[in-house]
Amino acid sequence: MAVGKEIRVKIKSVENTKKITKAMEMVAASKMRKAQERMRAARPYAEKVRNIATNLGEVHPDYVHPFMKTHEAKRVGLIVVTTDKGLCGGMNTNVLRAVTNQLRELQDAGNEVNAVAIGNKGLGFLTRIGAKVVAQVTQLGDTPYLENLIGPVKALLDEYAEGKLSAVYIAYTRFINTMKQESVIETLLPLSTERMQQETRESGRVHSWDYIYEPDAQSVIDDLLRRYVEALVYQAVAENMASEQSARMVAMKAATDNAGNVIGELTLVYNKTRQAAITKELSEIVAGAAAV
């Protein structure tokens, strides 16, 4: 029964694949819970920094930070946040498709693009299309650390503060729920006072405070707005990691279910082949006995 043996080998191979995908699904589910907790834990810090930055901007309207000024430079910055590993469905494909459209629009408008890659997938994509990558960070692991992100992002922040960039965008996958993630491209710089005030009102904190500054108000505002931008980048990376684990869990569950269906179909084919072989042997025995 050479045909039956071949089918048994295929069934065994699919069963091994199913065990792997099931294990990966369980690991992703465990990491997903931790990533979601980390993402939610970062939100209060970003909210507090945003509230203080908004209040300081209202108290000192005479000083405008470089991050809140607009420039006429024909160059923009783009931060692309992706994963280091694959097997997470179409998550990276969706965000890179949005990045491709954004790059086409910027280049059609006559702008040069300086890109920063966070994640192996984004770095490989930007390298393949010939984009100018000024900084990169990969192998972040399961836990993002702000000190690992400050260096690459600082390259674009300094260029914008010097007036060499007209805008800085960040592309990442926003976590909505376990079954849904959304690819977004947001404007990181220039900072919009209206947006900060709107987010502050939405958070339910409409009051303002008076502050005592040390050494002076300008130094405090400069450091605070830089921390605010860094918090936005960290929050985007945390959202992307939560989306990665959710997408991987869903993808591995689908792969496990598909493997089960393939095993069922192959088992049915094997049983039919085996039954046909048994019937043929019985027919030969009966025919031989009749001939005797």
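## Basis of the model

This is a predicted model, in which local features need pLDDT of at least 70, side-chain atom pairs count only at pLDDT 80 or more, and totals for chains, interfaces and linings use all residues. Residues are numbered from 1 along each chain as its sequence is written, and side-chain values use heavy atoms, with hydrogens and water left out.

## Overall architecture

The protein chain contains six helices and five strands. Helices (H or I, at least four residues) and strands (E, at least two) are DSSP runs, numbered from the N terminus. Along the sequence the order of elements is α-β-α-β-α-β-α-β-β-α-α. The radius of gyration, 28 Å, is well over the 19 Å that the globule rule gives for 292 residues, so the protein chain is more spread out than a compact globule. This radius is taken over C-alpha atoms, and the rule is 2.2 Å times the number of residues to the power 0.38. Along the principal axes, the C-alpha atoms fill a box of roughly 115 × 40 × 25 Å.

Of the 292 residues in the protein chain, 40% are buried. Buried means under 20% relative accessible area, exposed over 50%, and partly exposed in between (1.4 Å probe, protein chains only). Among contacts in the protein chain with a separation of 6 or more, 79% join residues 24 or more positions apart; contact means heavy atoms within 4.5 Å.

## Surface and charge

The protein chain exposes about 16,000 Å², and carbon and sulfur atoms supply 54% of that area. Accessible areas come from the Shrake-Rupley method with a 1.4 Å probe, and for residues only the protein chains shown count as cover.

There are 38 positive and 34 negative side chains, and the centres of the two sets lie 11 Å apart. Lys and Arg count as positive and Asp and Glu as negative, while His and the chain ends are not counted. The place of a charge is taken as NZ of Lys, CZ of Arg, CG of Asp or CD of Glu.

## Helix 3

Helix 3 spans residues 120-128, and its buried residues include G122, L123, F125 and L126. These residues lie on the same side of helix 3 because they cover an arc of only 165° around the axis. The arc is that of the directions from the helix axis to the C-beta atoms. An α-helix has 3.6 residues a turn, so residues three or four places apart point the same way.

Just after helix 3, G130 has a positive phi of about 80°.

Helix 6 covers residues 217-291 and contains R248. R248 counts as buried because its relative accessibility is 8%. Beyond residues up to four places away in sequence, R248 touches A28, K85, G86, L87 and C88. S246 is also placed in helix 6 and is buried, with a relative accessible area of 0%. Apart from neighbours within four places in sequence, S246 is in contact with M32, Q36, F175, T178 and Q181.

V27 belongs to helix 1 (residues 2-59) and, at 44% relative accessibility, counts as partly exposed. V27 and Q245 are 218 residues apart along the chain, yet their C-alpha atoms are separated by 8.9 Å.

## Backbone features in loops

Most residues other than glycine have a negative phi, and most peptide bonds are trans. L87, in the loop between strand 1 and helix 2, has a positive phi of about 60° although it is not a glycine. L87 counts as exposed, at 54% relative accessibility. Q139 is not a glycine either and has a positive phi of about 55°. Q139 is placed in the loop between strand 3 and helix 4 (146-161) and counts as exposed at 57% relative accessibility.

Leaving aside neighbours within four places in sequence, Q139 is in contact with D84 and N120. The peptide bond from L189 to P190 is cis, with omega near 5°. P190 is found in the loop between strand 5 (180-189) and helix 5 (193-202).
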